[in-house]
Amino acid sequence: MIIRLTNAQIGLLIEETRKKYPIEACGVLFGDVSSNEAVVRKIILVHNILESPTNFQINPEEFLKILFKAEKGGMQLIGFFHSHPAAPYPSITDVRYMKLWPESIWLITSSIDYNVAAYKTVNGALQRINIEVN
C-alpha cells in the first residue's frame, strides 16, 4: 500500500510540526482509499487537547464534526497525523491506539529532522506504508 500526498501537504505537516513544537501537532487525513493506495485530498489540523510533548488527543466532539463534514463532501477518513520529538516511529501508545483504528494510516513527522513516515496495523502487526509525494 502507498499513501499519496502533495508537496504542499508535506509542507503543511512540517510547518505545523515547527509551529506547535514542543507540543505534539496533530490532524486528520481525508481523501480516497482503495485496497492499494490512499490519496490525501484534505488535511484538517486540530488542537492537541493534552498540550503534551509526548502524546496527543483530539477532542472527540471536534473529530465527529470534522468526520461528518468530510463524509458529506464525499471524502473518506484515511487516518491521522501527529508529530514526535524523536524519529518518526510509532510509540507504544501510538501502536495501542492504531490497533483501535486498523484501517487508518498514521503519518508521523519528526520535530528533530522533519522526516515524515507512515504506518498502519495489519492483522495486529505494525506495517510501514510507502509515501509518494507529487
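Biologist: Hi! What should I know before I start?

Modeller: The model is predicted, so local features need pLDDT of at least 70 and side-chain atom pairs count only at pLDDT 80 or more, while totals for chains, interfaces and linings use all residues. Residues are numbered from 1 along each chain as its sequence is written, and side-chain values use heavy atoms, with hydrogens and water left out.

Biologist: Thanks. How do the strands run in the barrel?

Modeller: The order is 1-3-2-4-5-6-7, a closed barrel of 7 strands with mixed pairing. Strands here are DSSP runs of E with at least two residues, and helices are runs of H or I with at least four, both numbered from the N terminus. Two strands pair if DSSP finds at least two bridges between them.

Biologist: Which way do strand 1 and strand 3 pair, parallel or antiparallel?

Modeller: Parallel, over 3 bridges. Ile-2 has Glu-37 in strand 3 as its bridge partner. Strand 1 also runs parallel to strand 7, joined by 4 bridges.

Biologist: And strand 5 with strand 6?

Modeller: Those two are antiparallel, with 4 bridges. Leu-107 stands opposite Ala-118 in strand 6.

Biologist: New topic: how many salt bridges are there?

Modeller: The count is 5, taking a salt bridge as a side-chain nitrogen of Lys or Arg within 4 Å of a carboxyl oxygen of Asp or Glu. In one of them, Glu-37 meets Arg-4 at 2.5 Å, N to O. Glu-37 lies in strand 3 and Arg-4 in strand 1, so this pair ties together parts 33 residues apart in sequence.

Biologist: What else does Arg-4 form a salt bridge with?

Modeller: Glu-132, with the closest N and O atoms 2.2 Å apart. Since Glu-132 is in strand 7 and Arg-4 in strand 1, that pair ties together parts 128 residues apart in sequence. Arg-4, Glu-37 and Glu-132 are linked in a network of salt bridges.

Biologist: Is Arg-4 buried, exposed or partly exposed?

Modeller: Arg-4 is partly exposed, at 21% relative accessible area. Buried means under 20%, exposed over 50% and partly exposed in between, using a 1.4 Å probe and protein chains only.

Biologist: How about Asp-32, what does it pair with?

Modeller: Asp-32 forms a salt bridge with Arg-41, the closest N and O atoms being 2.8 Å apart. Arg-41 is exposed, with 51% relative accessible area, whereas Asp-32 is partly exposed at 32%.
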